[in-house]
Amino acid sequence: MTILLLLIPAALLLGLIGVWAFLWAIGNGQFNDLDAEGARVLFDDADARLRERRQP
Amino acid sequence: MTAQALQALPARPALAGACPHCGAPSAAGEFCCTGCSTAYALIRGLGLEQYYQLRSNAAPVAADADADVDWSEFVTPLPDGRSRLSVLVGDMQCAACLWLIEHALRAQPGMTSAQLSSATRRLTMEWTGPAADASRFVQIVTRLGYRCLPVDESTVQADGVAGERELLRAMAVAGFAAANIMLLSVSVWSGHGDGMGVYTRDLFHGISALIAIPAIAYAGRPFFRSAFNALRHGRTNMDVPISIGVTLAVVVSMAEVMRSGPHAYFDAAITLLFFLLVGRFLDLRARGFARRTAQQLLAWTNRPVAVLTAAGVIQRPASRVAAGERILVAAGERIGVDGLVQEGVSSVDASLLTGEILPQSVAPGAMVYAGATNLEAPLTVQATAVGAGTLVGEMTRLLESAEQSRSRFVRLAEQVARWYAPVVHVTALLSFAGWMLLGDADWRSAVLIAAAVLIITCPCALALAVPAVQVVASSRLMRSGILVKSATALERASAIDTVIFDKTGTLTIGQPRLVPPDATGQVLLPVVAAMAARSRHPLCRALVAACPDAVPADHVQEHPGQGLSMAGADGEYRLGNAGFAGVPVSARDGCSELWFARPGQLPYRFRFRDSLRSDAAAVIGQLRDQGRRLVILSGDHADAVAEVATALGIDDWRAGLTPKAKADFILALKDQGRRILMVGDGLNDAAALGFADASLSPATGMDITQNVADAVFQGEKLGAVPEFLGVAEQSQRLCRQNIGFSLVYNMFAVPLAIAGMVTPLIAAVAMSSSSLVVVANAVRLGLSARKARP
């Protein structure tokens, strides 16, 4: 049963990491516009090509 | 919106006879106007041609760019030296628009971020450089064909987003705590039978307490705050029993842990909060739309206009123009004030204000209204009314009173909550008193039982019952192209017995189409269409649409408000109104007309008619079979309305109505106890939409109208109306079922709790299972849609 002394803190720590990541994502605005992000991921990003075009 | 974006269309070369940018009829491969050709060149220049493959809706007709507005006024400087500007972007059609705008802006030197939200339509740009760059960036968006409206920065941080975030955070914390505590609790429950050591159990309870207390203190804040507010004002609401129940459960459990008792309710308390937060979040999410649209209305009325002053032309928000000042309105621009035309001859499209489909010719002395679009030539207008005094302002006021009448609507869940809270309190109190006085329990176990009663009755399933159904119903409607904006819309639309339609743009497509001409006309058509291809007048566009192969003729002169002329082989050809073509009297048969005159021949009359939506007759028949009363309210001429009404077999129609008359008609019907669904697209329908019990607007309608309407439907089909009503009725039935189930569940669970038989295990099972049943019942609504699909 002493293994619990290791497992319980480990479980809590992992959970806390998850919560921290989620709270960070909220603060970072990752959930602000659920609709657009879903579509945006499908667009081939032209950014890289655009940057090349601008620099030469 | 997004569902359509997924079906990215295959590469679409410019169709013969369609403008490559906006798809409007034009001569083969040509642009319909300079605005579109500018937009097309800009898109190609930036290497963003991909847009034409991504889009699922035609691009907005690119208006000629607005004259320079001083956007730098609206720029916020950031602490790190960069600048930020937020604007509202109008005319967005689908996700491809979003892509185009963002990428076009990111390609600009100095731009560090450009984010456009599809939900709020708010574009936020940040760049390194002076505030003066703002106008340049905004102009790029305008040249792509989207309207930009200034945003009052103070409204940006509206409490909506903040509230949503707070709930999400609370949900995350509660979810984390609930999962971990449940892990420990399950061990304890199984330990009861298998002889878990007392010390292990106490350790587990202790850890649970350590997790639960901070988590509840954090995640429970929205409930505690609301309960406290309610109590301070001498009221009670759903949050009061929740707060008392959760607090009591924690306190009692703490006491149990201290004296090393066998039962602790930490898991029940935190799971309860978690479920409730989920319900609350879904609810807020649904309401969010309504709040955001109010901000858009504000921005629209504050559109800048060009004011003629002694010092030259100055751009100023419409609200800061004084009566008597002179305004310059470019062709293609929307008029910002009510006023008298002083100089210029043109025609204005007031269809969104009056419902009348044909542009009206205006000349000096004519009255024009804010919200109408100037079509042909620049006008100078002397303002007679501005801001709240304009026709639009009057409609806004009507709208506000409509919104107030709507906010009085009490939702089913709230009705239940009103008597639920007191009943729960009394039950808990009675069971405490009962055990103290009649039973031989000590006060500790009596409190424990009272806490169990509060926990088991906590309106967990009740709080999930309605939001869950609403979310499933909204997503089902979204799949059919109907966007539900208001949280209470489905509930209000569930017992509709009267459906009121606007005519122009709602029952009809809202664009004139050429009535097939006779043999003579067929011969003339290519010549006439070639002339018409040079004009943006709706009737000319209809002519071109009827003869798409026409090559635009050269040397066509446009006579604003009258027609077109061209030097033909045998003299001057004229295409225009009766007077312009030299015809003394025009026949009236409900059709719009264009006359074509050539030297030495009889003038020929082309007739145009606004055609019905393709499924209008079927939909009207279906609604009538459902026993609903159908009415047409239109601002158009009686003969035009009568024709549509006859074609659809609706005998109850009114024509020539003002916006106020439409609203009054609806109010009168409401007084008779009728439940009304209004379907309309124009600004003149906005107030009527607001006063009706529920309202629908096509996505082609005006921004304000779409904002007011409870739901917006896309596409050509009117079938959205029965679909909306059907889902509303079904979801209301499910809501009632869910609430009924929650009450039945309580009837069984509460006696157990009062009898003191509810252990933490039973509480957890009962709560979770009732919540799951309610959610599963809601999901049925989505499933039945999938089955109904061929």
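Analyst: Go ahead. Keep in mind that this is a predicted model.

User: What makes E21(B) and E22(B) a pair of strands?

Analyst: The cut-off is at least two bridges between them. Strand E21 (residues 592-597) of chain B and E22(B) share 5 bridges, in the antiparallel sense. So the pairing holds, by the rule of at least two bridges.

User: What lies between E21(B) and E22(B) in the hairpin?

Analyst: There are 6 residues between the two strands. B:Gly600 sits in that turn and has a positive phi of about 80°.

User: How do you know that E17 and E22 of chain B pair too?

Analyst: Strand E17 (residues 508-514) and strand E22 (residues 604-612) are joined by 4 bridges, antiparallel. The rule asks for at least two, so they pair. B:Thr508 stands opposite B:Leu612 in E22(B).

User: Why are E17 and E18 of chain B said to stand at the edges?

Analyst: The open sheet has 6 strands, in the order E17-E22-E21-E20-E19-E18 (chain B). E17 and strand E18 (556-559) each have a single partner strand, so one side of each is left without a neighbour in the sheet. On average, neighbouring strands here are turned by 20° against each other, direction ignored.

User: Which strands does E23(B) pair with in the parallel sense?

Analyst: Strand E16 (residues 498-501) of chain B is joined to strand E23 (residues 629-633) by 4 bridges. B:Ile500 stands opposite B:Val631 there. Strand E24 (residues 653-654) of chain B is joined to E23(B) by 2 bridges. B:Ile632 has B:Trp653 in E24(B) as its bridge partner.

User: Why is the crossover from E23(B) to E24(B) called right-handed?

Analyst: The chain crosses from E23(B) through helix H21 (residues 638-648) of chain B to E24(B), and this β-α-β crossover is right-handed. The label means that, with the strands pointing away from the viewer, the path over the helix runs clockwise.

User: What makes B:Ile270 stand out in the largest nonpolar core?

Analyst: That core has 166 residues, and B:Ile270 is among the three that touch the most other members, with B:Ala174 and B:Ala269. Helix H25 (residues 720-754) of chain B gives the most to this core, 14 residues. Beyond four places in sequence, B:Ile270 touches residues including B:Ala174, B:Ile181 and B:Ile216. Contact here means C-beta atoms within 7 Å.

Conventions
Residues are numbered from 1 along each chain as its sequence is written. Chains are lettered from A and ligands numbered from 1 in the order in which they are written. This is a predicted model: local features need pLDDT of at least 70, side-chain atom pairs count only at pLDDT 80 or more; totals for chains, interfaces and linings use all residues. A nonpolar core is a set of buried Ala, Val, Leu, Ile, Met, Phe, Trp, Tyr and Cys residues joined through C-beta atoms within 7 Å. A residue is buried if 20 or more other C-beta atoms lie within 10 Å of its own, exposed if 12 or fewer, and partly exposed in between; C-beta atoms are placed from the backbone. Two residues are in contact if their C-beta atoms, placed from the backbone, lie within 7 Å. Axes are lines fitted to C-alpha atoms, for helices over the stretch in contact, and angles run from 0 to 180 degrees between N-to-C directions.
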